[in-house]
Amino acid sequence: MTFTTSDLWDIHGDTLACAAPVFNNYGMAQRFYGQIVTLKLFEDNSLVRELLKTNGQGKVLIVDGGGSTRCALVGDQLAQLALDNHWSGLIIYGSIRDSTQISQMPIGIKALNTCPVKSIKRNEGQVDVSLNFAGVNFIPGQYVYSDADGIIVSESSLL
């Protein structure tokens with residue numbers, strides 16, 4: 001199903017939130033949407049891997065990495081894991097790595113920037129908690145829509 005965030009905003013704008021334009025597009029799929037699954041962590045991507053091992057059909061993983069750009073939270077191996085388990089996309093409030101490889105993968109990924117440094121592994125983080133960054137609340141079970149123009153959040157499914 002095709003959509004644009006602009007068209008969704010024009011129809012439903014009074015019920016939506018729009019994230020500040022701080023993200024870059026990575027991955028081949030510039031347009032993706034789904035039900036929100038959240039993860040809050042800091043410079044530790046252990047739980048990212050664990051979540052991406054689960055069935056992500058119809059879901060988008062939102063990772064609040066505290067805005068850190070000192071290390072990457074997703075690389076090509078985790079992007080492939082997301083593809084293998086049918087995640088619709090990833091939004092990372094932090095950095096990714098392997099951006100050249102990810103740019104050739106049919107998945108939508110938005111992140112603040114890139115960094116070649118691996119994250120630490122402490123198995124720390126919080127799953128399915130409400131997040132707030134880029135001026136938007138990301139609440140588990142709500143819906144996110146992303147395309148080249150931006151990211152919008154809705155309490156209910158729009159498609």
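**Exercise 1.** Which residue forms a salt bridge with Glu50, and how far apart are the closest N and O atoms?

*Solution.* The model is a predicted one. Step 1: the partner of Glu50 is Lys53, and the closest N and O atoms of the pair are 3.3 Å apart. Step 2: a salt bridge requires a Lys or Arg side-chain nitrogen within 4 Å of an Asp or Glu carboxyl oxygen, so the pair is to be checked against that cut-off.

**Exercise 2.** State how many salt bridges the structure holds, and determine which parts of the chain are tied together by the pair Asp64 and Lys40.

*Solution.* Step 1: the count of salt bridges in the structure is five. Step 2: one of them joins the side chains of Asp64 and Lys40, with an N to O distance of 3.5 Å. Step 3: Asp64 belongs to strand β4 (residues 59-64) and Lys40 to strand β3 (residues 32-40), so this pair ties together parts that are 24 residues apart in sequence.

**Exercise 3.** Classify Asp64 and Lys40 by accessibility: is each residue buried, partly exposed or exposed?

*Solution.* Step 1: the cut-offs are under 20% relative accessible area for buried and over 50% for exposed, with partly exposed in between. Step 2: Asp64, at 5% relative accessibility, is therefore buried. Step 3: Lys40, at 36% relative accessibility, is therefore partly exposed. The salt bridge between Asp64 and Lys40 thus involves a buried Asp64 and a partly exposed Lys40.

**Exercise 4.** Describe the salt bridge, location and backbone of Asp98.

*Solution.* Step 1: Asp98 pairs with Arg97 in a salt bridge, where the closest N and O atoms lie 3.9 Å apart. Step 2: Asp98 has a relative accessible area of 23% and is partly exposed; Arg97, at 22%, is also partly exposed. Step 3: Asp98 is located in the loop between β6 (89-96) and α4 (99-102). Step 4: the phi of Asp98 is positive, at about 60°, although the residue is not a glycine. Most residues other than glycine have a negative phi.

Notes
Residues are numbered from 1 along each chain as its sequence is written. This is a predicted model: local features need pLDDT of at least 70, side-chain atom pairs count only at pLDDT 80 or more; totals for chains, interfaces and linings use all residues. Side-chain values use heavy atoms; hydrogens and water are left out. Helices (H or I, at least four residues) and strands (E, at least two) are DSSP runs, numbered from the N terminus. Buried means under 20% relative accessible area, exposed over 50%, partly exposed in between (1.4 Å probe, protein chains only).
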